[in-house]
Amino acid sequence: MADALKIGVAGLGTVGASLVRIIHDRQESLAVSCGRAIEITAVSARNRDKDRGLDLSGVTWFDDPVTMAKNADIDVLVELIGGAEGAARAAVEAALERGLHVVTANKALLAESGVELAAAAEEKGLLLNFEAAVAGGIPVIKAMRESLTGNTISRVYGIMNGTCNYILTRMEKEGLSFEDCLKEAQRLGYAEADPTFDIEGNDTAHKLAIMTALAFGCEISCDDIYLEGISNITQEDIRAASELGYRIKLLGVAQRTEGGIEQRVHPTMVPHDTVIAQVDGVTNAVAIESDILGDLLMVGPGAGGDATASAVLGDVADIAKSRPGTQTVAALGRPAKSLEPYRRARMRSHEGGYFIRLRVADRIGVIAAIARRMADNQISLESIVQHSTNGSDEAPTKTIIMVTHATTELSVRNAVSSMESDGYIVGKPQVIRIEKP
Ligand code: HSE
């Protein structure tokens, strides 16, 4: 049997601790399937005294991950620290510089610096694997960079944040408040250290940026993503969506259009009878539409220690099975130098159906004015419903819920802003895009 593959794990949080435990418990079966043992020889974390319930006997401890990357007796750096800059980035750069393979779950780092890091790895014939960075345990990176080679991909989209899907599911099924659901997601270890990254869509955006590059063979462009989170989704929206035959999901979507590549992350209404609408809780789903294969939908655990560690372990196993000098898998599916520049499609040109919820003054002519604004902007309505709301006797209000046929983002923005300037809107209008699989 070949020599053991020695790995150094930087970061012993939820995922790092799971990984150490799994490798320890499954040493024999891993050695059989990889043709060599996988051995953790070094670890690094902030707090050495914390009891993680791990057996770290014989493992060299480093307080500093960069020192570990530079000096430890390892073949692979597994980076599970997180963050686009700081120790994570420095450790990964040091590892590549030294000639070590790298496995990382760090979506922020890849979204910001993935092209540079891929180029550095390729230059030295090293593997840079990051399956766990997108959709947790679902093997979406491997599918896109290896299995779908030769396909032209037209759209990728999915539920890529377990925390948001968990919150939206519990809000819908149990009528719980947003805050209570978020607390529970944090307790269960799904949420990021700063949960605003989850709920405001940044985490999904990082994952989407990586998928976009793999799908379209372009450079990663995280700053060109249209971003809206779920913090303004209310029980009223969830109920209205349900009455109309939709469920609300935070989707990340990247698609080719005539104007370029559209990347967007926002709460989205998906038809109730589609598979993606049925994906509940922390589960993630990624759909890939391509010309040879057709439509692929992968559903699975998207967050949590073991699910994410499973993807990290798969990446480590790929390295264990590879042989020096035969590293041919380009990190981003094609050599970093041949990635095309990212050509951004403007969000205002986005085409699709829209859900619009307005609270309006209950007075003569309001519906007629709304209809006129929609017609002025060439928007055709699929449905319009009026509900009672709790306005005061002096200032009675009604809720108007509209679903449009396919139109453009610009038309909807213009129509809503004209209605706001008309003076009959109370509070902030809610606009949710509809996505049809
Ligand atoms: N906070 C992330 C989520 C973890 O909720 O999906 C996985 O990236």
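Because the model is predicted, local features are reported only at pLDDT of at least 70 and side-chain atom pairs only at pLDDT 80 or more, while totals for chains, interfaces and linings use all residues. Residues are numbered from 1 along each chain as its sequence is written, and side-chain values use heavy atoms, with hydrogens and water left out.

I begin with helix α10, residues 202-216. Helices here are DSSP runs of H or I with at least four residues, strands are runs of E with at least two, and both are numbered from the N terminus. What span should the 15 residues of α10 have at 1.5 Å a residue? The expected value, 1.5 Å times one less than the number of residues, is 21 Å, and the end C-alpha atoms are 21 Å apart, which agrees. Of the 15 residues in α10, 14 are buried. Buried denotes a relative accessible area under 20%, exposed over 50%, and partly exposed in between, with a 1.4 Å probe and protein chains only. After the helix comes G217, with a positive phi near 65°.

N161, in the loop between β7 (153-159) and α7 (162-174), touches D198, D203, T204, K207 and N284, with residues up to four places away in sequence not counted. Contact here means heavy atoms within 4.5 Å. N161 has a relative accessible area of 3% and is therefore buried. A polar atom of its side chain lies 3.2 Å from the backbone nitrogen of T163. For a polar contact, the pair of N or O atoms must be within 3.5 Å; within protein, one must be able to donate a hydrogen and the other to accept it, and residues adjacent in sequence count only if both atoms are side-chain atoms.

I turn to a helix pair. How do α4 (residues 86-98) and α5 (residues 107-123) pack? Their axes come within 11 Å and cross at roughly 10°, which makes α4 roughly parallel to α5. The axes are lines fitted to C-alpha atoms, for helices over the stretch in contact, with angles from 0 to 180 degrees between N-to-C directions. Angles under 35 degrees count as roughly parallel, over 145 as roughly antiparallel, 65 to 115 as roughly perpendicular, and the rest as oblique. On the α4 side the contact is made by A88, R89, V92, E93 and L96, and on the α5 side by L109, S113, E116, L117, A120 and A121.

Next, two backbone angles. Most residues other than glycine have a negative phi. A135 has a positive phi, near 60°, and Q378 also has a positive phi near 60°. A135 lies in the loop between β6 (128-129) and α6 (140-147), and Q378 in the loop between α13 (366-376) and β14 (381-388). Are these residues buried or exposed? A135, at 0% relative accessibility, counts as buried, whereas Q378, at 68%, counts as exposed.

Finally, S418 in helix α14 (residues 409-422) is buried, at 15% relative accessibility. Its side chain reaches the backbone oxygen of N414 at 2.6 Å. Apart from neighbours within four places in sequence, S418 is in contact with R373 and N377.
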